[in-house]
Amino acid sequence: MARVLLADDRRAFEQLLRRYQGLVRAQLRRLLKGDHARADDLAQETFLLAWRKLDQFRGDARFSTWLHRIAYTCFLQARRKPSWPLDHCGGETGEQTAAPHAMDLHLDIESAMQRLSAAEQTVLLHCVQLGMSHSETSYVLAMPLGTVKTHAAQGKAKLRALLADWQDTGRKEQTS
Amino acid sequence: MSEREDDAVEALLRARFEGPVPDEGFCDDVMHRLPLRRRRHVWPLAVGLGTGAAVCWLSLQSVPLVRVGWRDWLSGEFSAPALTLLLVMAGISLLTLAWTIAEADDRRSDPRP
């Protein structure tokens with residue numbers, strides 16, 4: 001990191017790029033609900049922006065967290081554009097009506113995730129799936145720490161309730 | 001929610017996550033598009049400030065109010081010209097301070113880090 005900042009070293013930046021591109025692209029793919037092409041465009045924008053703004057990195061967060069924050073900001077800015085497709089707007093989707101008695105647990109958790117609010121989904125993506133702490137998530141999403149904790153707790157509680165309901169329904173259908 | 005149930009939900013979510021995306025030429029693509037980074041030099045600002053201050057001083061030196069005010073100030077006499085000079089300098093400093101704070105605030109409120 002210091003080499004990149006001090007010597008304007010492209011090779012050192014490339015090492016950082018190779019180390020962090022995977023998770024930044026994964027974050028954007030989840031935020032864009034699987035639109036890989038658009039996610040990669042935004043990831044590219046993220047790294048070009050990071051290269052230009054490297055001198056503004058103050059070290060108050062981990063470099064990866066700083067990158068995730070840029071990526072999330074790029075995502076929000078792209079979402080504000082009029083050309084943004086409606087099915088990427090976050091929140092509820094068509095999958096909300098997915099059959100609640102689906103037996104496959106992976107399908108269940110995916111359907112349950114779709115029933116959460118956009119904020120709860122985003123917080124759980126960062127806190128649980130990307131493995132960030134609450135304070136890192138708060139930094140990335142520019143959201144108060146208390147709000148992050150609330151969304152995380154509510155999201156997990158809803159998921160637990162939904163999964164329990166569906167498992168009960170599944171068991172009853174199996175026995176009948 | 002108990003800690004164990006919480007862990008179970010988290011484990012399910014983590015299992016559902018695909019993990020880091022493989023490179024597949026992404027990095028090469030980014031590196032090809034990487035522009036030359038402009039280095040920020042401080043010297044043009046310093047030279048500009050110095051030149052501006054010198055030109056200002058030279059052009060105001062012939063103004064009697066400034067000359068008398070400056071002389072009185074140096075001798076510790078707070079006459080009307082000295083106070084005028086002091087007030088003008090304080091006003092300019094305050095304006096510069098307000099401008100700096102506004103610029104810093106704009107930079108902080110920029111959503112991109």
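A salt bridge is taken here as a side-chain nitrogen of Lys or Arg within 4 Å of a carboxyl oxygen of Asp or Glu. In the predicted model, B:D23 forms such a bridge with A:R18, with 2.9 Å between the closest N and O atoms. The model is a prediction in which local features need pLDDT of at least 70 and side-chain atom pairs count only at pLDDT 80 or more, whereas totals for chains, interfaces and linings use all residues. Residues are numbered from 1 along each chain as its sequence is written, chains are lettered from A and ligands numbered from 1 in the order in which they are written, and side-chain values use heavy atoms, with hydrogens and water left out.

Over all chains, the whole structure holds 12 salt bridges. The pair B:D23 and A:R18 crosses between chains, from the loop between α1 and α2 of chain B to helix α2 (residues 10-31) of chain A. Helices (H or I, at least four residues) and strands (E, at least two) are DSSP runs, numbered from the N terminus. Both partners are classed by relative accessible area, for which buried means under 20%, exposed over 50%, and partly exposed in between (1.4 Å probe, protein chains only). B:D23 is partly exposed, at 22%, and A:R18 is partly exposed, at 38%.

A further bridge lies within chain A, where A:R25 and A:D40 bring their closest N and O atoms to 3.0 Å. This pair links distant parts of the chain, from helix α2 to helix α3 (residues 36-52), 15 residues apart. A:R25 is buried, with a relative accessible area of 2%, and A:D40 is buried as well, at 19%.

The contact between the chains (heavy atoms within 4.5 Å) takes 36 residues from chain B and 50 residues from chain A. The two chains bury about 4200 Å² between them, 61% of it on carbon and sulfur atoms; buried area is the accessible area (1.4 Å probe) that two parts lose on being put together, summed over both. Four salt bridges are counted between chain B and chain A, along with 14 residue pairs in polar contact, both residues at pLDDT 80 or more. A polar contact is a pair of N or O atoms within 3.5 Å; within protein, one must be able to donate a hydrogen and the other to accept it, and residues adjacent in sequence count only if both atoms are side-chain atoms. On the side of chain B that touches chain A, the elements giving two or more residues are α1 (3-16) and α2 (26-33) of chain B, and the largest share, nine residues, comes from α1(B).

Chain B contains five helices and zero strands, and buried residues make up 19% of its 113 residues.
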